Amino acid sequence: MFPPFSTEKAFAECQAMIKEIESGKLCIKPTGKVSQERAGHGVMLGAMVCKNSDGTIIRLRTLSGIAAQLVAEQENCSIVYVEPVVSAEEIEKALSKNDKQIHELTDKINLLKQNAAKNKQSGMSGIDAEPGADAEVLTKKRNALCLESQKKVFDLYSFYCADGNKRSLNEICRNFYGSQTNGKKLPPTGTGDCCAPKLLNYAYKNGLTPLSMCEIFYGKNSSTKVSGTAYPPCDERCALILPEILGLNIVYRDSDIVVVNKQSGVLSVPGRGPDKQDCIVNRLRRLFPECIEQPSVHRLDMETSGLMVLALNAESQRNLRIQFEKSEIQKKYIAVLDGNMAAAGIKECGQMELYFRLDVENRPHQIWDSVNGKKAITRWRILNLEKYSPPAAGLSAGAASKDSAGPSQGRKRTVTRVEFTPLTGRTHQLRLASADSHGFGIPIIGDTLYGSCQEGERLLLHASFLSFAHPVTGKKMEFNCPPPF
């Protein structure tokens, strides 16, 4: 994943850590068992430069994993050595209940396999030459115990977040994998033990504002890592946790702009009233206090997910707004429409012009008006016909009585995956192009305004491609972000 903060100052701090380790002023002290496969390998060192409420600079240091900690020869009041979110002792206690039984089962399984191998070498064949059903039964039992132990460990993890709230790893996983998994899908082993979540958890727990964060590899070079080189937070584990901790999934960031992958269900800009202040803009300003008051240059509907670009300074904001006004910015969306477009006689690709205006009696709905409506131009391309069934029965509260009958709940039906390229930027343009009778007459799945939305569903509309000229350098920037559906 892309580093969420500037790395320059924290990289210098990481380099200082390496020098201190090599001079003996700082040591890596083992605190737990080191597995054979990890013995002799290097570690990721992490640093964060942040400030407290009175502006004092605080430097945080840590390393990856739970089997070791950094110990300094001399104390420094401006440096904090961050411990794991969950200690090795707590994890060992959580694992202890099943540990003995798991090892006993492993020994029995290995013995069965060894006997089977000996029988095979001696010329025996058939059932006696294989571990057989006993090994399968024991393996299933062992796997169930391992899964139970993993869950006990993950139950221990919670993280302080940028919004001041504390979220459990279980909650984060439900949000990441989807509520329909009911927490059954577990994250990779070691999730929460990388440097970035440790540093962020400590910073937000103690009211610190991150300014710079970096991770650097130290130790014997491997096929994937070089000692002394900085690496971004890992895709395997950190990409699951960090967007929840930060409140934003940052796809790209520099000193002028930030590109995010907006979550469905989050406003792009503040609405009216205190209950509508949680939005992408305010989350950005919370992470980057030096950001201008109005960083937005475009917006996505609350229910739409995908790529958004925001400006950190006035010059960049003005430049990007002009690009949008001149239609110089390219956008593409992926949508799943609730029906078979081909069977409805809709061509595989084409372009439509529709005219809509606000329905002042039924805000925020838009209605067809060929006289007073604003022209909305949309290109489309059918990508695929698919089978779809809702993730859960029943209508969501958002659907209300809009379509109480709705499609058959739980029954698989044919739907159409479409790529949209809007050439104008009208309110609800793609939702209307899909649902309105002047367009396709087939709403996007999960559309609470112009279609129906069942429990557990979301609007299946995602901004998957964004291209623009960088507002300062002029370099062409292109971003692709596949939909989560």
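**A guided tour of the predicted chain**

Contacts between residues 24 or more positions apart make up 68% of the protein chain's contacts with a separation of 6 or more; a contact means heavy atoms within 4.5 Å. The model is predicted, so local features need pLDDT of at least 70 and side-chain atom pairs count only at pLDDT 80 or more, while totals for chains, interfaces and linings use all residues. Residues are numbered from 1 along each chain as its sequence is written, and side-chain values use heavy atoms, with hydrogens and water left out.

Begin with the whole chain. Its C-alpha trace spans about 80 × 70 × 40 Å along the principal axes. Of the 485 residues, 43% are buried. Buried denotes under 20% relative accessible area, exposed over 50%, and partly exposed in between (1.4 Å probe, protein chains only).

Next, select His-462, in strand E18 (residues 461–469). This histidine is buried, at 1% relative accessibility. Its side chain makes a polar contact of 2.7 Å with that of Ser-305; such a contact is a pair of N or O atoms within 3.5 Å, and within protein one must be able to donate a hydrogen and the other to accept it, with residues adjacent in sequence counting only if both atoms are side-chain atoms. Leaving aside residues up to four places away in sequence, His-462 touches, among others, Asn-261, Lys-332, Tyr-333 and Phe-485.

Now display the cysteines. The whole structure contains zero disulfides, a disulfide being a pair of cysteine sulfur atoms within 2.5 Å. For Cys-173, the nearest cysteine sulfur belongs to Cys-161, 13 Å away. Cys-173 is buried, at 6% relative accessibility.

Finish with the backbone. Most residues other than glycine have a negative phi, and most peptide bonds are trans.

- Select Arg-363 and Pro-364: the peptide bond from the former to the latter is cis, with omega near 0 degrees. Pro-364 occupies the loop between strands E14 (349–358) and E15 (366–368).
- Select Ser-327, whose phi is positive, near 55 degrees. Ser-327 lies in the loop between helix H8 (314–325) and strand E13 (330–337), and is exposed at 52% relative accessibility.
- Select His-428, which has a positive phi of about 60 degrees. His-428 sits in the loop between strand E17 (413–422) and helix H9 (429–435), and is buried at 8% relative accessibility.

Key. Helix = DSSP H or I, 4+ residues; strand = E, 2+ residues; numbered from the N terminus.
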